[in-house]
Amino acid sequence: MDCRRFCAECVSEAERETTHIRLLSWLIPGDVVEGVVCGEDGKNVYVDLGGAESAVLPADRIALAPEACRTGLFRAGQRIYAAVRRIDRRERRVYLTHRELLGTFDELCAGLKEGNALSGLKCGGRVLLSPNLAAAARNPEAARDGQTVSARVAGIFPGRVEVHITGAADRGFELRFRYYITSGRIKHWDFGNLPGFAPAVESFSCIEN
């Protein structure tokens, strides 16, 4: 190995170790951080925060979408925001959550009106409109799971949106993350008690090892 390259790698590893120690010392549950997706194994997504060890984002903390619809939401090298959920200093690991940054029910429904045309991804008896919002389909038999569909808003109720599927969409539907929180510290988050998703309330005050 080239000596200059070897020394550069050593410096890089030393810097990442220093950064990791700082992260473990300074981060508090609820802190919003920015990182880069560096891998996944089906159960967890691993996020590089700049330290020696990647942070862990469990699959069920990515979004409130049904489990079958959460696959493929990330790609390696993607820059994301997340919130610290737990810090295990014995394991030297930071555990993250992501769904709390993607909007509450009221935020996601702002501007929606009955009769609005939209597109989404058919998933079970629901149509996924965003990673955190799946509307109940009044005619789920009109499309197959995994199909991109066109739909109209059939009703908006407390904690619930209903749509009527009008057919297959002309083009594919890509779920994209829109972040409603990108900085600061979250102390409490309440999605809005949407039926079928639990828990939708999160407190960050005491989750620390």
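Predicted model: local features only at pLDDT ≥ 70, side-chain atom pairs only at ≥ 80, totals over all residues.

Me: Where is Gln 147 found, and what does Gln 147 touch?

Reply: Gln 147 is in the loop between β8 and β9. Leaving aside residues up to four places away in sequence, it touches Gly 120, Leu 121, Lys 122 and Ala 168. Contact here means heavy atoms within 4.5 Å.

Me: What does the side chain of Gln 147 reach?

Reply: It reaches the backbone nitrogen of Arg 144 at 3.1 Å. A polar contact is a pair of N or O atoms within 3.5 Å; within protein, one must be able to donate a hydrogen and the other to accept it, and residues adjacent in sequence count only if both atoms are side-chain atoms.

Me: How many helices and strands does the chain have?

Reply: The chain has 2 helices and 12 strands. Helices (H or I, at least four residues) and strands (E, at least two) are DSSP runs, numbered from the N terminus. Along the sequence the pattern reads α-β-β-β-β-β-α-β-β-β-β-β-β-β.

Me: What share of the 209 residues of the chain counts as buried?

Reply: The share is 44%.

Me: What makes Asp 31 and Arg 185 a salt bridge?

Reply: A salt bridge is a side-chain nitrogen of Lys or Arg within 4 Å of a carboxyl oxygen of Asp or Glu. The closest N and O atoms of Asp 31 and Arg 185 are 2.5 Å apart, so the pair qualifies. Asp 31 lies in the loop between α1 (3-26) and β1 (32-40), and Arg 185 in the loop between β10 (160-168) and β11 (188-190), so the pair ties together parts 154 residues apart in sequence. By this rule the count comes to 10 salt bridges.

Me: Which labels do Asp 31 and Arg 185 get for accessibility?

Reply: Asp 31 has a relative accessible area of 10%, so it is buried. Arg 185 has 47%, so it is partly exposed.

Me: How do you know that Asp 145 and Lys 122 form a salt bridge?

Reply: Their closest N and O atoms are 2.9 Å apart, so they meet the cut-off. Asp 145 lies in the loop between β8 (133-137) and β9 (148-157) and Lys 122 in strand β6 (residues 117-123), so the pair ties together parts 23 residues apart in sequence. Asp 145 is at 52% relative accessibility, so it counts as exposed. Lys 122 is at 4%, so it is buried.

Me: Which residues are linked in a network of salt bridges?

Reply: Arg 61, Arg 99 and Glu 100 are linked in this way. Arg 61 sits in the loop between β3 (55-58) and β4 (79-88). Its relative accessibility is 6%, so Arg 61 counts as buried.

Me: How do you know that Arg 61 and Thr 97 are joined by a polar contact?

Reply: Their side chains are joined at 3.0 Å, so the pair falls within the distance limit. The side chains of Arg 61 and Glu 100 are joined by a polar contact of 2.8 Å.

How values were computed: Residues numbered from 1 in each chain as written. Heavy atoms only, no water. Buried < 20%, exposed > 50% of the residue type's maximum accessible area, 1.4 Å probe, protein only.
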